[in-house]
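Subject: Structure handover

Hello,

Here is the structure I said I would pass on. My notes on it follow below.

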Amino acid sequence: MDIDFEIFSPVQQISNKLFDEKGIEVFIKRDDLIHPIISGNKWRKLKYILEKAHLEQKKHLVTFGGAYSNHLLATAAAAARFGFRSTGIVRGEQLGNDTLFICRLHGMKLIFTDRENYRDKPGLFEKYFGQDDEAFFIDEGGASAEGAKGCSELIGELTDNYDHIFCACGTGTTAAGIINGINKKALKTRFHGIPVLKNGGFLKDEIENFLLQPSDFDLHTEYHFGGYAKTNDELIGFVKQFVASTGILIDPVYTAKMMFALYDLAAKDYFKRGEKILAIHTGGIWGLLGMKDKFM
């Protein structure tokens, strides 16, 4: 089996009257273009996870997520691409939706479990696959040192320097990887994480768990819009305006909250004139499928 991850994502500038007025330049790294299914940080997170599974001679990937999980979908597609079997343990009652349909189409078997039991993921793995020597545990969202290592390589792809880098945060793995990449290249870039969960301050500890050295960074916790996968008319309106004016699809769960924060901070004169800001598009646009009714 050849675990060959081809990763390339372009950087493009976002033109906007607000940025012109504030004298700043804003760019976006299009990790959503890495792969049509396994997009964004999911591809980066899975790179070394799958290499580890292969080295340990595991052939069955077992992971976890909600019913609209981009991580489940990415794992299903990656498993099919590289010759693994896959199982997704899904939080909540049994149902069918577009995301799970595509997971199944890629050969992923699904096991539904109630939210109480879902909290003990190692226990669920042991219950269903403790006797399966070929099974390989992948935590929800790909949270792991291997996931952070894959995300750190994003910095090495950049051909320009930026004063600030913004990224949405769910588990903190991608954030930690980017910070590690910044430190490896000894850049003066300031990292800003936008937690997409309510009370997201706890992500500071999660990020620090995967850092290779102590680092200072910013978390802007006020842009969660009610919590994970929560939204409102203001955010939906922002998504519509952003997509229509840039041609770049963003989802309300992750990237839209991050971009909203960047625009809001720019409007509040958070940045200095002449500064360059890079936003990371972490993919996940399949998350739009679970929110179609909110755009009607």
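A residue is called buried here when its relative accessible area is under 20%, and exposed when that area is over 50%. Please keep in mind that this is a predicted model.

I start with helix H8, which covers residues 173-184. H8 is mostly covered, with 10 of its 12 residues buried. The buried ones are Thr-173, Thr-174, Ala-175, Ala-176, Gly-177, Ile-178, Ile-179, Asn-180, Gly-181 and Ile-182. What do the buried residues of H8 pack against? Their partners are three helices, H2 (41-55), H7 (145-156) and H9 (203-209), together with strands E7 (164-169), E8 (190-195) and E10 (276-281). From its first C-alpha to its last, H8 reaches 16 Å, close to the 16 Å expected at 1.5 Å a residue. Ala-186, which follows H8, has a positive phi, near 55 degrees.

Asn-41 belongs to helix H2. Its relative accessibility is 8%, so Asn-41 counts as buried. The side chain of Asn-41 makes a polar contact of 2.9 Å with the side chain of Thr-174, and Thr-174 is among the buried residues of H8. Leaving aside residues up to four places away in sequence, Asn-41 touches Cys-151, Thr-174 and Thr-282.

Helix H6 (residues 121-129) is the next element. Lys-121, Leu-124, Phe-125 and Phe-129 are buried in H6. Seen down the helix axis, these buried residues fall within an arc of 100 degrees, so they line one face of H6. An α-helix has 3.6 residues a turn, so residues three or four places apart point the same way. On the face turned away from the buried side, H6 carries the exposed residues Pro-122 and Lys-127. The cover over the buried residues of H6 includes strands E3 (60-65), E4 (85-91), E5 (109-113) and E6 (135-137), as well as helix H5 (115-118). At the N-terminal end, H6 is capped by Asp-120, with a side-chain oxygen 3.0 Å from the backbone nitrogen of Gly-123.

Last, the largest pocket. About 1,100 Å³ of space lies in it. Of the 44 residues lining this pocket, Gly-66, Arg-91, Glu-140, Tyr-228 and Tyr-254 are the closest to its centre. Which elements each supply at least two residues of the lining? H8 and H2 do, and so do helix H3 (70-82), H5, E7 and H9.

Regards

Methods
Residues are numbered from 1 along each chain as its sequence is written. This is a predicted model: local features need pLDDT of at least 70, side-chain atom pairs count only at pLDDT 80 or more; totals for chains, interfaces and linings use all residues. Side-chain values use heavy atoms; hydrogens and water are left out. Buried means under 20% relative accessible area, exposed over 50%, partly exposed in between (1.4 Å probe, protein chains only). Helices (H or I, at least four residues) and strands (E, at least two) are DSSP runs, numbered from the N terminus. The arc is that of the directions from the helix axis to the C-beta atoms. Contact means heavy atoms within 4.5 Å. A polar contact is a pair of N or O atoms within 3.5 Å; within protein, one must be able to donate a hydrogen and the other to accept it, and residues adjacent in sequence count only if both atoms are side-chain atoms. The expected span of a helix is 1.5 Å times one less than its number of residues. On a 1 Å grid over the protein atoms alone, a cavity is a set of points where a 1.4 Å probe fits but cannot get out, and a pocket is an open set with protein on both sides within 12 Å along at least five of seven lines; lining residues have an atom within 4 Å of a point. Grid points are joined across faces, edges and corners, and a volume is the space filled by probe spheres set on the points.
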